[in-house]
Amino acid sequence: MKITTNYKNLSKAVSVVEKVVSRNPALPILNNILLKTENGRLKISATNLEVGINYFLGSKIDETGEIAVPARIFSDFISNIGEEKITLTTKNNILSINTDKYKTQILGFDPKEFPIIPKIKNEVFSIIPAKILKNSLNTVLNSIAVSETRPELAGVLLQFTNQNFVLAATDSFRLTEKIVELKNEQNNSFILPRNTVLELIRLLGDTDEDISLRYSDNQVLFSTNDAEIVSRLIDGNYPDYKKVIPEKFISRALIKKDELEKNVRLAGLFSSNIADIKLSCNDKNLTINAKNSDKGEFQVVTAATLKNDPFDIALNYYYLLDGLKIIQTQNVIMEYTGQGSPLVLRPENDAKNTTYLIMPLRK
């Protein structure tokens, strides 16, 4: 292989793919990234056997070829040299990196040892603008279960219909649902692992491109013009989360989001070891209380517009902050659905496209 490519583009590509490189003593080849010429471009690949990323880079190709190189040393070197043009040459599993100033050799590995990243050739079933996909994934991210005691909860449920795209995530303590109006070619439903969600968010960055989706029985492919992520899917059936979302509310309060967020954060400083705070809402005000035997007490009163009866509820303040973070309107709607039932947060426009539930703490 002999190619010449642009430093900035190469550095960006390597920084994207190296995030999935696995530090795996049992399979040292997973510590590498694969450099390969393909269809007139340089393809840079990495995988941890659950997620695989391919990044395609425009390059001047004098000779085709491929090599697997240690990700850490290659990435650290490329990110620090700062030259405009870089020539990569391979011979006998040695990668030579040459610029106007530097001449470097990195010992590589036989590319045939590198795991094959599956190709999904099924038809594209959905095209989603990158910003919409990224914002939607960020909306549900914090509700994904970190523990894999119940594997199906360690991912996001993605559902595609003719009219919309729905994401849902829950760790059984809180739940988020995001609905996006979107026409799709097919009805599909699958559970995307949390790690893939994180890699997708990183990959999408600030791009304005459209993302194409292809699906097979246990894998999904997200692709742009320059990059693609292939991920395994989580087996199993996602719980029927719709049953948890209350159809009616007992009381509803409208509150300024930024002020509520600030006051919840302050109350959290005085919460106990279970991170509890108490909300009490009446006709005009929402009062937030917190008490810690080692730190002291806190109370703050903020304006609120209440519909129906006063209510009080104890919540984990971290979960409440996570919910407020995903509400994009100036004011937030808070729906009380009864003692022992979840508190519901929605945007002030009363749209049902973003729904966040928090289970109360026992008093």
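The second largest cavity holds about 30 Å³ of space. A cavity here is a set of points, on a 1 Å grid over the protein atoms alone, where a 1.4 Å probe fits but cannot get out. Grid points are joined across faces, edges and corners, and the volume is the space filled by probe spheres set on the points.

This is a predicted model, where local features need pLDDT of at least 70, side-chain atom pairs count only at pLDDT 80 or more, and totals for chains, interfaces and linings use all residues. Residues are numbered from 1 along each chain as its sequence is written, and side-chain values use heavy atoms, with hydrogens and water left out.

What lines the second largest cavity? The residues are L200, L203, L204, I211, F222, S223, T224 and A227, where lining means having an atom within 4 Å of a point. Two or more of them come from each of α4 (194-204) and β16 (219-223), and α4 gives the most, with 3 residues. Helices (H or I, at least four residues) and strands (E, at least two) are DSSP runs, numbered from the N terminus. This lining has 6 nonpolar residues, 2 polar and no charged. Ala, Val, Leu, Ile, Met, Phe, Trp, Tyr, Cys and Pro count as nonpolar, Asp, Glu, Lys and Arg as charged, and the others, Gly among them, as polar.

Now the largest cavity, with about 40 Å³ of space. Its lining includes N138, T139 and L141, along with D322 and Y356. Helix α3 (residues 130-141) gives the most to this lining, with 3 residues. The division is 3 nonpolar, 5 polar and 1 charged.

Terms used
1 Å grid on protein atoms, 1.4 Å probe; cavity = no way out; pocket = protein on both sides within 12 Å on 5 of 7 lines; lining within 4 Å.
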